[in-house]
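Please read the following note alongside the entry shown below. It takes the chain as a whole before turning to a single residue.

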Amino acid sequence: MKITTELVDYISDLSRLRLPEEEKAAMAAELETIVTYMDTLNTLDTAGVEPMSHVFPLKNVLRPDQVVPSAPREELLGGAPERDEETFRVPKAVE
């Protein structure tokens with residue numbers, strides 16, 4: 001695929017970038033190189049290759065959940081300027 005300066009203008013408009021005129025030819029050449037490389041990758045036989053989301057195998061690095069008692073409700077609501085039986089009361093913010 002031939003990348004022209006008109007296509008560079010179109011792409012820069014979509015991405016909301018302003019390229020100076022002197023950079024458009026260089027950008028066209030860089031995009032041409034990228035597209036040519038993608039064409040090379042498209043010629044590879046990937047019939048037996050399983051799709052993957054990452055190059056390296058990932059595992060869940062989160063700690064397991066542990067159920068622990070929380071702070072007493074009365075202690076938490078003790079400093080509230082206004083409250084009802086179980087929650088903080090705040091002024092209405094949305095009509």
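The points below go from the basis of the model to the overall fold and then to one side chain.

1. This is a predicted model, in which local features need pLDDT of at least 70 and side-chain atom pairs count only at pLDDT 80 or more, while totals for chains, interfaces and linings use all residues. Residues are numbered from 1 along each chain as its sequence is written, and side-chain values use heavy atoms, with hydrogens and water left out.

2. The protein chain has 3 helices and 0 strands, where helices (H or I, at least four residues) and strands (E, at least two) are DSSP runs numbered from the N terminus. The radius of gyration, taken over C-alpha atoms, is 29 Å, well over the 12 Å that the globule rule (2.2 Å times the number of residues to the power 0.38) gives for 95 residues, so the protein chain is more spread out than a compact globule. Along the principal axes, its C-alpha atoms fill a box of roughly 70 × 45 × 25 Å.

3. Of the 95 residues in the protein chain, 7% are buried, meaning under 20% relative accessible area with a 1.4 Å probe and protein chains only. Contacts are heavy atoms within 4.5 Å; among those between residues at least 6 apart in sequence, 26% join residues at least 24 apart.

4. Ser 12 lies in helix H1, which covers residues 5-14, and counts as buried because its relative accessibility is 8%. Leaving aside residues up to four places away in sequence, Ser 12 touches Leu 17 and Leu 19.

How values were computed:
Buried < 20%, exposed > 50% of the residue type's maximum accessible area, 1.4 Å probe, protein only.
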